[in-house]
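Please open the structure in your viewer and display the side chains.

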Amino acid sequence: MNQLSNTSTIAMSDWHALIRQMETSINNTILGQEHIVRLMTIATLSRGHILLEGDVGVGKTTLLKTVAECLGGNFERIEGTIDLMPHDLVYYTYIAENGKPGVSSGPVLKHGDELSIFFFNEINRARPQVHSLLLRIMAERSVHAFNQTHYFPHLQVFADRNRIEKDETFELPAAARDRFMMELHVEQPKSETQLKDLMFNPRFHDADKLVDSADKAVVPFQQLNDIAVAIQEHVHTSEKVQDYGYHLCRALREPAEYGIQITDVDTNNMIRGGMGPRGISYLARGAKVNAWLNGRDALLPEDFHMIIRQIAKHRLFLNPVYDYNRDDIVESLITAALNTIQSP
């Protein structure tokens, strides 16, 4: 795969074909989520982790399992529960047939460096201690256990949570949310035709069979790190577009500097933090991937526009007096920044 860095147009074209096949298979399996699927593709090719949020029963888990099938590699899943402990991710104990205690590798360690996807279902039901261990696994793609450090170079973490139930749940800390490249909000399809299909077509009634019908291992997961690097090298950014991206991020962090006004909000004291180096790096990387997916080798402002909400929203932390209306204020801020910063 190193040859891809030196690459050849043909090699890059091959990847375009693979990505198209992967997205088509996912969209044939999961109805009405084409935009979410494209954003997940961007995160995957940026090597970023993904958190899905949405109502109960909209297909978050089915979507993540389908994407995992198409990406291939070894897949592990764990359920977030209030009694889950950090060691449950790494190992589990049992009583063997000979009556002696035994220890076996848990979901994170079971496949060693061949682990491709780790799916954390209902992540907000797990305690903060579990979130802390997950932070290290996500950030460093490694964990220390049994007197050695285990590495997972191909690992991508998918997680989901529903926004309806709040009992016995733990809000993810800011540091944990910042580890996710994107937070994606999944809604049910709006098309009447698609909803009728989901309602009456037996193909969509059995989620396991539906996921199993998706194409398997379309993308060579061992090469995703290399294609991600190749894309970043392939797409170039002019100084004007760099300035545009910089000021866009700066305006989200210091809106008063840019004269941004939001009704009933003091923009001088609105932001407590957000869009740090990890966030702005993810924005640039994701924008380049979007440019490449659209067949360009140059970054344009519209590439930032495609992903800025999914990357910035969960990284903007407001003064607590504005938390009651957080979602609307953050949306207004992003819209105002896009309208204020002049596009080159």
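The stops below concern salt bridges.

This is a predicted model, in which local features need pLDDT of at least 70 and side-chain atom pairs count only at pLDDT 80 or more, while totals for chains, interfaces and linings use all residues. Residues are numbered from 1 along each chain as its sequence is written, and side-chain values use heavy atoms, with hydrogens and water left out.

The structure holds 21 salt bridges; the term denotes a side-chain nitrogen of Lys or Arg within 4 Å of a carboxyl oxygen of Asp or Glu.

Select Arg 38 and Glu 23 first. Their closest N and O atoms lie 2.8 Å apart in a salt bridge. This pair links distant parts of the chain, 15 residues apart: Arg 38 belongs to helix 3 (residues 34-45) and Glu 23 to helix 2 (residues 9-29). Helices (H or I, at least four residues) and strands (E, at least two) are DSSP runs, numbered from the N terminus. Glu 23 is buried, at 10% relative accessibility, whereas Arg 38 is partly exposed, at 21%. Buried means under 20% relative accessible area, exposed over 50%, and partly exposed in between (1.4 Å probe, protein chains only).

Next, select Glu 76 and Lys 110, a salt bridge whose closest N and O atoms are 3.9 Å apart. Glu 76 lies in strand 2 (residues 74-79), and Lys 110 in the loop between strand 4 (101-105) and strand 5 (115-121).

Finally, select Glu 192 and Lys 196, whose side chains meet in a salt bridge (2.8 Å, N to O). Both are in helix 8 (residues 192-200), four residues apart, so about one helical turn separates them.
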